[in-house]
Each structure stands twice: as C-alpha cells, then as structure tokens.
Amino acid sequence: MYAEERQQAMAALIAQKGRMSVADLSDLYGVTTETVRRDLAALDRLGVIRRVHGGAVPASALTAIEVGTAEREHSRSGEKDRIGKAAVDQLPPVGGSILLDAGTTTARVAAHLPADMDLVIVTNSIPVAARVGGLGGSRLHLLGGRVRGITQAVVGDDALRTLASMRIDVAFVGTNGLSLRHGLSTPDSDEAAIKRAMVTSAHRVVVVADSSKVGREDLISFAPIDRVDVLITDSALRESDRAELLAHDVEVVTA
C-alpha cells in the first residue's frame, strides 16, 4: 500500500470510529508508530483530521461551535439516560450536598434523584432547578447571575462569588470534551469559568459524559484530568481510552 492510499484509509477509519490511537493504526496497517505519526501529521496539515494526545480525531471533533440545549437533548438520549441513572450511585450520604452543572446529561442525573432523599442541591441550570425544585427531601440553591440562552446556564461574577464560598460534597459536571492533554473543555469562556469554580468547590468530581466526548478537545480547558475522580460514560468507550484514564487514577463507570 502506497503512503497516499494508507493515509486515505486512515482518514476514513478515523472519521468512522471517531478516534484512533497511534498504536492501533500501527498494528492495523503494519507500519511503525513513527510512520503513523508522519501520516497523521500530513493529514492534519490538510485539515482532514486533528492530532490529539496518542492519536487522532476527525477535524470536526475539535470545534468552537456550540450546539444548543434543544438540539443536544435528543442526541444520544439513551446513553445519557443510563449515565444519569448510574450517577445516583455516586451521591453523598443523607444530608450531604451535590452540585449539578448545566447540561443535558446532568439533567438526566437530576431526573433520577430519589424524591425523598435529604440533599442540598446547588445548580446553575434553569432546567435542572425546575426539575428538582419539587423533590420533597431536598433543599435547592439556584446560583444567581446572567442566563446564557443557548445552554440555560447561569454564569457571571455573582455565581462565581457564591461558588467560592461553598464546599460541596460531590459535583456532577458535564463537559464538551475530555482528553489527557487538554483535560475537560468547553467552547464558552463564561461557562468555563463557572465549571472551573464548580470543580474547585467540590470534594469529589464526577464527570457525566457520553463516550463521544472522550478524545475531544474544545476551545477552553476548565480542569485538568487529574482533578476528575470518576467518569460515568457509556459502554462504547474504547478500551484504550479506559486504560489511559485508569492509569491517571480516574475511576471509569460504564452505564
């Protein structure tokens, strides 16, 4: 196989799989890892793929274009629902406090919260607040500030000041991208600031994200990977990604 043919095949496979590691491509095409890196570098220059730590993703996987809540609500809904259900196992003891980030996956966590459990729930999400406000055993704290229309998330200095004064038992955080090199990332600077403050305020950080987010790198990093205690994702997570996360002391739960 000529180099050009191999590169075309690699590009097609990366587009199909969503992410491929250098090691897997080396085994698949019977070439050295150095050859694979040269092939990926050539494809990256052409704008066909983007290099990430240990491999490559489609060019469309790195983006600063943000999709609205209404569109994301119906994307991978089955996976998100299973992730939300599994997240309940990460709740603190009765009387503890949790933080629910804005997002469609964290909204599924809210949907599965026990109706009568004694919890303090802090959120910056208007939809999440509406969902958990009627739970009999919980006490709800909605962060104040400006509401971003595209995500229905509260952002701004008021919310940041409130978070700085809090110490939360468990934060359930969503992310647009997760990689070893770039950590957790999102396209908007205001939401990145709130997410960063959430992570800082929490004793324990549980990331809820479907497997398509793993290997993605969005514009702004808001937390390094070593700040994540648990990732709850779906069963389509690649074994190589699981192994890398476990090696960085991230507990991986598949739902």
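**Ground rules.** I am working from a predicted model, where local features need pLDDT of at least 70, side-chain atom pairs count only at pLDDT 80 or more, and totals for chains, interfaces and linings use all residues. Residues are numbered from 1 along each chain as its sequence is written, and side-chain values use heavy atoms, with hydrogens and water left out.

**Entry 1: H1 and H2.** I looked up helix H1 (residues 3-17) and helix H2 (residues 22-29), whose axes come within 12 Å and cross at roughly 130°. That makes H1 oblique to H2; angles under 35 degrees count as roughly parallel, over 145 as roughly antiparallel, 65 to 115 as roughly perpendicular and the rest as oblique. I noted that axes are lines fitted to C-alpha atoms, for helices over the stretch in contact, with angles from 0 to 180 degrees between N-to-C directions. Helices (H or I, at least four residues) and strands (E, at least two) are DSSP runs, numbered from the N terminus.

Which residues of H1 and H2 meet? On the H1 side I found Arg6, Ala9, Met10, Leu13 and Ile14, and on the H2 side Leu25, Leu28 and Tyr29, with contact meaning heavy atoms within 4.5 Å. By class, this contact of H1 with H2 holds seven nonpolar residues, no polar ones and one charged.

**Entry 2: H5 and H6.** Next I turned to helix H5 (residues 77-87) and helix H6 (residues 104-111): their axes come within 7 Å and cross at roughly 50°. H5 and H6 are therefore oblique to each other. H5 brings Ser77, Lys80, Asp81, Ile83, Gly84 and Ala87 to the contact, while H6 brings Thr104, Thr105, Arg108 and Val109. I wrote down three nonpolar, four polar and three charged residues for the contact of H5 with H6.

**Entry 3: the cavity.** I searched the whole structure and found one cavity of 30 Å³ or more. A cavity here is a set of points on a 1 Å grid over the protein atoms alone where a 1.4 Å probe fits but cannot get out, and lining residues have an atom within 4 Å of a point. The largest cavity holds about 90 Å³ of space.

What supplies the lining of the largest cavity? Strand E10 (177-179) and helix H10 (239-247) each give at least two residues, and H10 gives the most, with three. Among the lining residues I listed Arg19, His53, Ser179, Asp241 and Glu244. The lining divides into five nonpolar, three polar and three charged residues.

Technical notes. Nonpolar A, V, L, I, M, F, W, Y, C, P; charged D, E, K, R; others polar. 1 Å grid on protein atoms, 1.4 Å probe; cavity = no way out; pocket = protein on both sides within 12 Å on 5 of 7 lines; lining within 4 Å. Points joined across faces, edges and corners; volume = space filled by probe spheres on them.
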